[in-house]
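I set out what I looked up, entry by entry.

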Amino acid sequence: MQDWLSARAAATPDEIAMIVQDKYYSYHSVNGWVYFFGGHFRSIGIKAGTRVAVLISTNIDFAAVVQTLAAMRVILVPLNIRLTPTEIKWHIEFSKCDVLLYSEELKSLASLIDTHIPMHNVDEMVTVDYLVSLDGKLPHGYIAVRVGRKSPDLSATQAIVFTSGTSGKPKGVEITFGNHFYSAMASAYRLGLNPNDRWLSVLPLYHVGGLAVIFRSTLYGITTVLHDRFDIDRIQYSFDYHGITMISLVPTMLYRMIEAGVRWPDSLRLILLGGAAAPPELLQRAFDMGLPIAPTYGLTEAASQVATMRPEDAWKKPGSVGKPLMFTSVRIADENGGSVPAGEYGEVLVGGPTVMKGYYKNDDANAKTLFNGELRTGDIGYLDEDGDLWLVQRRSDLIVSGGENVYPAEVENVLRGHPAVREAVVVGVNHPEWGQQVAAAIQLADGATLTEQELTDYSREHLAGYKQPRRILFVEAFPQTASGKIQRGEVSKLFDDTN
């Protein structure tokens, strides 16, 4: 049996697989790239089962690398390019990567990563532009190596995608080919599929949502219109000239587009809105404009999509994310794991073939998160009488800012490292554009002095930009419960008084 890409190329070779900056690439072309990339990768020792860290901006070459590594049965470890060299090094070492691939654009960042594994500049090997220039011909003296092309074992790990951890350290989520496959089938079953669909992706390929678009488009035989970042002018251009029918957005992106007065194309049939809870007022504005919003709930640990409300139903229940997708079960549980009746709050538990294999090298987290075939999300919600899911809180402490997950523990650990800081409590405060902002309440050590700018400068040395506290408040003491626990809810209120 053939793998997904080669099977798609055999079935519809001339259909457009990708559009990138007005360049159109067929499935036949994309499939051909795999042989060239695969040949170079094998020459540097990459083979099935190895773990390869990838530090490349979201572009056509990254997409080609993703497809090649999948065909070779190599485990992809996509790295967030917004992280610091220290953070990236930790990801590489923790996941025991064998090789680091980076692009010329990120050469300076790669040079700052203190790692002992081999590092290779992909642009010095082969690029898509170079392959296109060959027009199907082999370069002189080069033999393309045929990589593994059989159908993937659905239980095999496709990628280790890192997500923030409540302990302050990120966790590596093992996503399997089966997770992608069943998620793709279930999403199409819920939202429908048009063979002429063109899916505009502005999500980074180091996120599971970005990877999902690549694999789903291949399985569906539709076109991915790939942008390397969220840029309203470029989105408008694609809306005007690329026949976009679908787009995946986080609420912050939708907010900006509405505020900018984007002209929405008549061809658009679906806006998949997820990544964070959408404010009710934003949803209402979108509904009033007649936008085809499909609110969705998902998480990396469930291959990006758990429940989704169809656009024709979403306006009837603003705030709900709809019913679980096909193959997926959602149960609301009390503190003892028992199911609660409709309408009652509890923890959202997810089951089915889209649930991750597990957290890489993290038995403690797996024991707490995976139980009796269910994923304990930590999110609080309820099911109504119709079986539609409503989210009350996206994990107790999680901050979702612009679609990026930030765990307070990680930021707090860094802030406590400053010698002038005795204690730090990090919370999310509401923001009209970003959804939430990171805010830090700081208690100084006895006799210490510290300015907001000094602490910000220190934080920037250790944390990615999206994790930086945007508001800092110095306090004498923190509100506590009778048992001495800090009341995060009360800490959040302190920032209400400083608006």
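Entry 1. I looked up how helix α1 (residues 4-11) packs on helix α8 (residues 208-220) in this predicted model. I found an angle of about 40° between them, and their axes lie 8 Å apart. That angle makes α1 oblique to α8. I also noted that α1 passes α8 in a left-handed crossing. On the α1 side I listed Trp4, Leu5 and Arg8, which meet Phe215, Thr218, Leu219 and Tyr220 of α8. Sorted by class, the residues of this contact are five nonpolar, one polar and one charged.

Entry 2. I turned next to helix α2 (residues 27-43) and helix α3 (residues 60-71). I recorded a packing angle of about 75° and axes 9 Å apart. Because roughly perpendicular covers 65 to 115 degrees, α2 is roughly perpendicular to α3. From α2, the residues in contact are Trp33, Val34, Phe37, Gly38 and Phe41. Their partners in α3 include Ile60, Ala64, Val65 and Leu69. I counted nine nonpolar, three polar and one charged residues in the contact of α2 with α3.

Entry 3. How many cavities of 30 Å³ or more does the structure hold? I found three. The largest cavity has a volume of about 80 Å³. Eleven residues line the largest cavity, and Asp3, Trp4, Leu5, Ala70 and Phe215 lie nearest its centre.

Entry 4. Which helix gives the largest share of the lining of the largest cavity? I noted α3, with three residues. Helices α1, α3 and α8 each supply at least two residues of that lining. By class, the lining of the largest cavity has seven nonpolar, two polar and two charged residues.

Conventions: Residues are numbered from 1 along each chain as its sequence is written. This is a predicted model: local features need pLDDT of at least 70, side-chain atom pairs count only at pLDDT 80 or more; totals for chains, interfaces and linings use all residues. Side-chain values use heavy atoms; hydrogens and water are left out. Axes are lines fitted to C-alpha atoms, for helices over the stretch in contact, and angles run from 0 to 180 degrees between N-to-C directions. Helices (H or I, at least four residues) and strands (E, at least two) are DSSP runs, numbered from the N terminus. Angles under 35 degrees count as roughly parallel, over 145 as roughly antiparallel, 65 to 115 as roughly perpendicular and the rest as oblique. Contact means heavy atoms within 4.5 Å. Ala, Val, Leu, Ile, Met, Phe, Trp, Tyr, Cys and Pro count as nonpolar, Asp, Glu, Lys and Arg as charged, and the others, Gly among them, as polar. A crossing is left-handed if the near helix is turned anticlockwise from the far one by less than a right angle, and right-handed if clockwise. On a 1 Å grid over the protein atoms alone, a cavity is a set of points where a 1.4 Å probe fits but cannot get out, and a pocket is an open set with protein on both sides within 12 Å along at least five of seven lines; lining residues have an atom within 4 Å of a point. Grid points are joined across faces, edges and corners, and a volume is the space filled by probe spheres set on the points.
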